[in-house]
Amino acid sequence: MRGLFSRAVAAAVLSAVTAGCGAIGSTASPIWAAQLAWSPSPVAMSVQYNSSDFSASLDGAYEGSATVLPHSGWQVHTWELTSVHWDGEENYGADLRLSGGPGVAVHQVVLSLNPPGQGGETASITLGTGGSSDGMVQVGAGGTQGDSAYEVQTVDGQSAEVLDDKGLGGDTSYIYLQLSPTSAVWTDHPSTVYVSVTLTAAYPSQPWSIATFEAMAAKGIDRAEINMEWAAVEPSPGHFTFTLLDEDLANAAKAGVKLIPIFWYSVWGGNPASWITDYDVGNNGGTSEVPVWWSSSNRQAYFTYIQDTIGHIKDSPAFGGAFLDYGWLDYMWGPAPAGSEVNGYAPADVARFHQWLQEQYHSLAAFNTTYGTAYTEWDEVPADGPGQPLFALYQSFRDWSVKETYARMSAIYRKETRAPLYFYWGGGFSGFGTAFNVPDTFFQVAKEYHGTVVLDDANSTGLPILFNSLARAYKVPLLEEWTPNSTGLQAEIAEFMGHYGFEFPEAAGMD
């Protein structure tokens, strides 16, 4: 599986394995590529709060939320906290704490009884020099009592506390917050509250040096994937800043290395852009970590990001193609909201579903005949969840959505360039979280738009055999990605070479 990497070269490996299908350089020999993170990514931030689940660890004092990885540029992330129980059970008598790693900067924390934008009672605190508080105070910071593992700074014009390990040797520090007993967020005894944190990554992104690329080239690595941050390329809608990307390309070119940028849509460091605010919901209304896909503004923004960026860099001597990988959407690459729900039930998604029904069935009478229903309007057809009668129908729409998305992205890319085009496949097959992670989808799109499929589960023995068969059937180039662990490298190399043989027997000298 893929993961984020620090400012060290990550030894991801791509190898061309498909014979006679136009793989990179028309060769079956291995292609070695490093995968680079664009900036020093801090440890993800989460919220830990007092919960009424007294059977949990520490009697519910540190119930955890989902995590978010801050990126460059101020952003507001909102968590929904359930089963809250304000009783000062944490260190310093705190009711909740922010948990994050060195480099996370926090400007403001707002607790509210209603979701953001819906009014109601709140409690808030602004951190840093001259900060103010209303119904909430900071009572401590650090890894344990007595630590002070943050610095007061001004970051991008805002006062902030920037988490720092202060030589403590740990990756995580805390900001402890306590509610006032007179605050309505306390006195109303809510079971659910919403906490919105204004945060950013305090350390600016830096280009990779010529020396780094030269060191890669000296080891036979002539390509590098770049985990781009949408927020850094397009800090506000329609306003692009290519300085960092241009410097990376220029430095790579001087070392003879090709760069392959990755266009994430969501939930990978710096993605989505902070100004994307329309997020998906699950089938039971749970908050999702991914933006709504069928929001017209979200879709167009992402397509513009791809087109304008490729248009800018396509003539660079270091441009080596791109990965179109829209991330945690339609079950690609991520968990469902609340851990059990199914993504894709935002109003915009459901509206597109009803439009899709008309495109597929044309006549409501024909639809009713097929499903034994008696609807009088398309909008009456429910977007059913798991266990409901029309769940499979809604999932057919979601499956179509994945195919439509990759085709649209690929068409946009091909209008700009004939450079290599790559599609990741990973995540395995099991569970709702990968319901539409169908290999055939990627091979179909790769065949139509002259792309290459990258198997990112190359450590699973059966998958290289399967993907070898699919690559041959579709006549599509296949690459293998392997992200080695920090120990046991020799054993992993043996496994990788064995799987390389499974994917392309001729390359391994087998019949």
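Glutamate 404 is buried, with a relative accessible area of 16%. That value comes from a predicted model, and it falls under the 20% cut-off for a buried residue. Let's see what this glutamate does with its carboxyl group.

One partner is arginine 299: the two form a salt bridge whose closest N and O atoms lie 3.2 Å apart. The pair links distant parts of the chain, since arginine 299 belongs to helix α5 (residues 296-313) and glutamate 404 to helix α8 (residues 391-416), 105 residues apart. Is arginine 299 buried or exposed? Arginine 299 is buried, at a relative accessible area of 7%.

Glutamate 404 also forms a salt bridge with arginine 408, and here the closest N and O atoms are 3.5 Å apart. Both residues sit in helix α8, and because they are four residues apart, about one helical turn separates them. Arginine 408 counts as partly exposed, at 36% relative accessibility. Through shared partners, these salt bridges join Arg299, Glu404 and Arg408 into one network.

Lysine 314 pairs with glutamate 416, with 3.0 Å between the closest N and O atoms. Lysine 314 lies in the loop between α5 and β19 (322-325), while glutamate 416 is in helix α8, so the pair ties together parts that are 102 residues apart in sequence. Lysine 314 is partly exposed, its relative accessible area being 28%.

| Salt bridge | Closest N and O atoms |
|---|---|
| Arginine 299 and glutamate 404 | 3.2 Å |
| Lysine 314 and glutamate 416 | 3.0 Å |
| Glutamate 404 and arginine 408 | 3.5 Å |

Asparagine 227 is found in strand β15, which covers residues 223-227. Asparagine 227 is buried, with a relative accessible area of 4%. Which side chain does asparagine 227 meet in a polar contact? Its side chain is joined to that of tryptophan 264 by a polar contact of 3.0 Å.

Note on methods:
Residues numbered from 1 in each chain as written. Predicted model: local features only at pLDDT ≥ 70, side-chain atom pairs only at ≥ 80, totals over all residues. Heavy atoms only, no water. Salt bridge = Lys/Arg side-chain N within 4 Å of Asp/Glu carboxyl O. Helix = DSSP H or I, 4+ residues; strand = E, 2+ residues; numbered from the N terminus. Buried < 20%, exposed > 50% of the residue type's maximum accessible area, 1.4 Å probe, protein only. Polar contact = N/O pair within 3.5 Å; in protein donor to acceptor, adjacent residues only side chain to side chain.
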